[in-house]
Amino acid sequence: MTTTLSVSGMRCGKCVDKIEKFIGEIEGISLIDVNLEKSQVRVEFNAPATQELISEAILEAGFEIDENNS
């Protein structure tokens with residue numbers, strides 16, 4: 001499965017590293033693509049990972065998710 005989330009608060013490479021670290025700790029993640037220009041995070045995943053777990057990881061990393069996600 002693939003999800004793309006609009007994330008606010010990302011400003012630099014350290015933000016990218018932090019998001020990748022938090023999401024990467026979830027079992028089942030196969031790809032994390034953070035795009036600073038578009039303020040988006042695209043994640044490819046399989047069970048047991050879920051979109052909810054990915055969203056929680058982003059929030060725990062200190063960023064906000066735009067509710068109008070694609």
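**Helix α2**

I began with helix α2, residues 51-60, and found I54, S55, A57 and I58 buried. For my notes, buried means under 20% relative accessible area, exposed over 50% and partly exposed in between, with a 1.4 Å probe and protein chains only. Helices (H or I, at least four residues) and strands (E, at least two) are DSSP runs, numbered from the N terminus. Looking down the axis of α2, I saw that its buried residues fall within an arc of 160°, so they line one face of the helix; the arc is that of the directions from the helix axis to the C-beta atoms. On the other side of α2, I noted E52 and E60 as exposed.

A reminder to myself: this is a predicted model, so local features need pLDDT of at least 70 and side-chain atom pairs count only at pLDDT 80 or more, while totals for chains, interfaces and linings use all residues. Residues are numbered from 1 along each chain as its sequence is written, and side-chain values use heavy atoms, with hydrogens and water left out.

What covers the buried residues of α2? I listed β1 (2-8), α1 (13-24), β2 (29-35), β3 (40-45) and β4 (64-65) among the elements that do. Contact here means heavy atoms within 4.5 Å. After α2 comes G62, with a positive phi near 100°.

**The sheet**

Next I traced the strands: four of them form an open sheet in the order β2-β3-β1-β4, with antiparallel pairing. Two strands pair if DSSP finds at least two bridges between them. I marked β2 and β4 as the edges, each with a single partner strand, so one side of each is left without a neighbour in the sheet.

I then went through the pairs. β2 and β3 are joined by six bridges, and V34 has V41 in β3 as its bridge partner. Between β1 and β3 there are five bridges, with L5 opposite V41. β1 and β4 share two bridges, and V7 is partnered by I65 in β4.

I also checked how α2 sits on the strands: α2 lies across β1, β2, β3 and β4, at about 25° to β1. For such angles, axes are lines fitted to C-alpha atoms, for helices over the stretch in contact, and angles run from 0 to 180 degrees between N-to-C directions.

**T3 in β1**

Is β1 enclosed or open? Five of its seven residues are buried, so β1 is largely enclosed by the rest of the structure. I picked T3 from this strand and found it buried, at 3% relative accessibility. Leaving aside neighbours within four places in sequence, the contacts of T3 include V43, F45 and I54.

**The cysteines**

Last, I looked for disulfides (a pair of cysteine sulfur atoms within 2.5 Å) and counted zero. The sulfur of C15 is 3.8 Å from the closest cysteine sulfur, in C12, too far for a bond. C12 is partly exposed at 34% relative accessibility, whereas C15 is buried at 13%.
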